[in-house]
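Student: I'd like to go through the charged side chains in this one before I set anything up. Can you take my questions as they come?

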Amino acid sequence: MVGKTVIIVDDDRSFVDAVAVLFQQSDYRALKAYGGREGLELVCHDNVDVAIIDVNMPDMGGVELARQIEELLKPVPTILISSDDSTRTADRCRSVGTGVFLAKPLDPEVLLETVSRVLSQHT
């Protein structure tokens, strides 16, 4: 039986596909979105328990997507990710959603643990 639903939103298709496999192997239902607007559409029309969102995407940035989710929809915990691990980026990310920021490259175990922790805090 598949558990909670996680959505992975990133314009890097190979990253999204790899992370989706990781979550599927860990008994999550994984939705894939290859951009911010597609991610918003999926979150609006599906039951999403947690969103993993890249900060830098060309159509809609991750911080903006997290704000839209927060303002327009039911509370969906968000984890923002970026290869830009500067203090400025981390602070911007921590100001929205659940305030969780992870730097790329992601350690799979840390990502799974973070999602589990965020879900336990919001159920």
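Student: Leaving aside its neighbours within four places in sequence, which residues is D54 in contact with?

Tutor: Keeping in mind that this is a predicted model, D54 is in contact with V9, D10, D11, G61, G62, I81, S82 and K104 once the neighbours within four places in sequence are set aside.

Student: And where does D54 sit, and is it buried or exposed?

Tutor: D54 belongs to strand β3, which covers residues 50–54, and it counts as buried because its relative accessibility is 5%, where buried means under 20%.

Student: Which residue forms a salt bridge with D54?

Tutor: That is K104, with the closest N and O atoms 3.3 Å apart. The pair links distant parts of the chain, since K104 is in the loop between β5 and α5 while D54 is in strand β3, 50 residues apart.

Student: Which residues are joined into one network with K104 by salt bridges that share partners?

Tutor: D10 and D54 are joined with K104 in one network. D10 is buried, with a relative accessible area of 1%.

Student: How many salt bridges does the structure hold?

Tutor: The structure holds 4 salt bridges, and one of them is formed by D17 and K32, whose closest N and O atoms are 3.4 Å apart. D17 lies in helix α1 and K32 in strand β2 (residues 29–33), 15 residues apart, so that this pair again links distant parts of the chain.

Student: How accessible are D17 and K32?

Tutor: D17 counts as partly exposed at 29% relative accessibility, and K32 likewise counts as partly exposed, at 36%.

Student: Switching to the surface, which residues form the negative patch?

Tutor: The negative surface patch is formed by D11, D12, E38, E41 and D59. Among them, E38 lies in helix α2, residues 36–45, and it is partly exposed, with a relative accessible area of 36%.

Student: Last one: where is A18, and how far apart are the C-alpha atoms of A18 and G99?

Tutor: A18 is in helix α1, residues 13–25, and is partly exposed with a relative accessible area of 47%. Its C-alpha atom is separated by 24 Å from that of G99, a residue 81 residues apart from A18 along the chain.

Conventions. Residues are numbered from 1 along each chain as its sequence is written. This is a predicted model: local features need pLDDT of at least 70, side-chain atom pairs count only at pLDDT 80 or more; totals for chains, interfaces and linings use all residues. Side-chain values use heavy atoms; hydrogens and water are left out. Patches are made of residues with over 30% relative accessible area and no salt bridge: like charges are joined within 9 Å, nonpolar side chains (Val, Leu, Ile, Met, Phe, Trp, Tyr) within 5 Å. Accessible areas come from the Shrake-Rupley method with a 1.4 Å probe; for residues, only the protein chains shown count as cover. A salt bridge is a side-chain nitrogen of Lys or Arg within 4 Å of a carboxyl oxygen of Asp or Glu. Lys and Arg count as positive and Asp and Glu as negative; His and the chain ends are not counted. The place of a charge is taken as NZ of Lys, CZ of Arg, CG of Asp or CD of Glu. Helices (H or I, at least four residues) and strands (E, at least two) are DSSP runs, numbered from the N terminus. Buried means under 20% relative accessible area, exposed over 50%, partly exposed in between (1.4 Å probe, protein chains only). Contact means heavy atoms within 4.5 Å.
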